[in-house]
Amino acid sequence: MKLAFDHFDLIARWYDRLIGRPADDPLPQLLEAAAGQTILDVGGGTGRNTWAQSSLGARVVVCDTAVGMVRQVRAKGLPAVLSSATHLPFADDSADRILVVDAFHHFVQPSPALAQPRAAHELVRVLKPGGRLIIEEPDIARLPVQMIALMERLLFMGSRFWPPSDLRALFVAAGAQMLTETRLGFSVLFVFTKVRAKPAATRSR
Ligand SMILES: C[S@@+](CC[C@H](N)C(=O)[O-])C[C@H]1O[C@@H](n2cnc3c(N)ncnc32)[C@H](O)[C@@H]1O
């Protein structure tokens, strides 16, 4: 069911105050990019996970479908695009780092079965060969995450959570190569990369 409002629009103004990160947050180090390199924060909300990287010289762009979230990002002076992860408005092989934190289970329009494989494909398409794609998702095997899933169901959010092994397989099928898989509280954090496609062998005469 598609609702006439967006849950994240409603909470955008308070989001940064409501949500925190662990003290031993590995993201800043994983995101570290050379000056001028591009970091895409997809389903990036207020940009809370990436805005600090822009002061270190990276070109950060947040991509989100909630107008309220995009407004919050722009108020911080960061570029933001109002766009779905299923149709990223970026060229192939163009981002050095791509981050998706606590958002993949929300990529469900028009349906999870269409949107999530499509988003995985888009994220891998846009990643530069040798770049890093970081996916952090709550682990649905954990009881607190099951409670959150239930709450989101009652709120008609339409979320679809993937068991970590299925999520890993989805991205590998989309062309990514897994570098690491780490537990982070009730979540799993994957780091993927993309290997440059080999040029087609030249036909011998
Ligand atoms: C739980 S919030 C996480 C935001 C941010 N990544 C963070 O960690 O603070 C999920 C975000 O995904 C966004 N979202 C939902 N569906 C989306 C889609 N198809 N494409 C891009 N963003 C989407 C929502 O608007 C929301 O801002």
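Reply: **Strand S5 and its sheet**

Let's go with strand S5, residues 127–138, which pairs with strand S7, residues 187–193, in the antiparallel sense over six bridges. (Strands pair if DSSP finds at least two bridges between them; strands, E and at least two residues, and helices, H or I and at least four, are DSSP runs numbered from the N terminus.) One spot to look for in this pairing is Glu136, whose bridge partner in S7 is Leu189.

Before going on: this is a predicted model, where local features need pLDDT of at least 70 and side-chain atom pairs count only at pLDDT 80 or more, while totals for chains, interfaces and linings use all residues. Residue numbers start from 1 along each chain as its sequence is written.

On to S5's other pairing. With S4, strand S5 pairs in the parallel sense, again over six bridges. Two spots show this: Arg97 sits opposite Arg132 in S5, and Ile98 has Leu133 of S5 opposite it. In a regular strand, the side chains alternate between the two faces of the sheet.

Now zoom out. The whole thing is an open sheet of seven strands with mixed pairing, in the order S3-S2-S1-S4-S5-S7-S6. Strand S3 (80–82) and strand S6 (177–184) are at the edges with a single partner strand each, so one side of each has no neighbour in the sheet. On average, neighbouring strands here are turned by 15° against each other, direction ignored. Over by S3, helix H5 (residues 67–75) packs on the sheet, touching strand S2 (59–64) as well as S3, and its direction makes about 165° with that of S3. (Axes are fitted to C-alpha atoms, for helices over the stretch in contact; angles run from 0 to 180 degrees between N-to-C directions.)

Is S5 enclosed or open? Nine of its twelve residues are buried, so S5 is largely enclosed by the rest of the structure. (Buried takes 20 or more other C-beta atoms within 10 Å of a residue's own.) S4 is mostly covered as well, with six of its seven residues buried.

That brings us to the largest nonpolar core, a set of 46 residues. The elements that give two or more residues are strand S1 (38–42), S2, H5, strand S4 (95–101), helix H6 (112–126), S5, helix H8 (164–173) and S7. Of these, H6 gives the most, with six residues.

Setting aside neighbours within four places in sequence, Val42 is in contact (C-beta atoms within 7 Å) with Cys63, Ala85, Ile98, Leu99, Val100, Ala103 and Leu123. There's Ile98 again, the residue that stands opposite Leu133 in S5.

Conventions
Contact = placed C-beta atoms within 7 Å. Core = buried A, V, L, I, M, F, W, Y, C linked by C-beta atoms within 7 Å.
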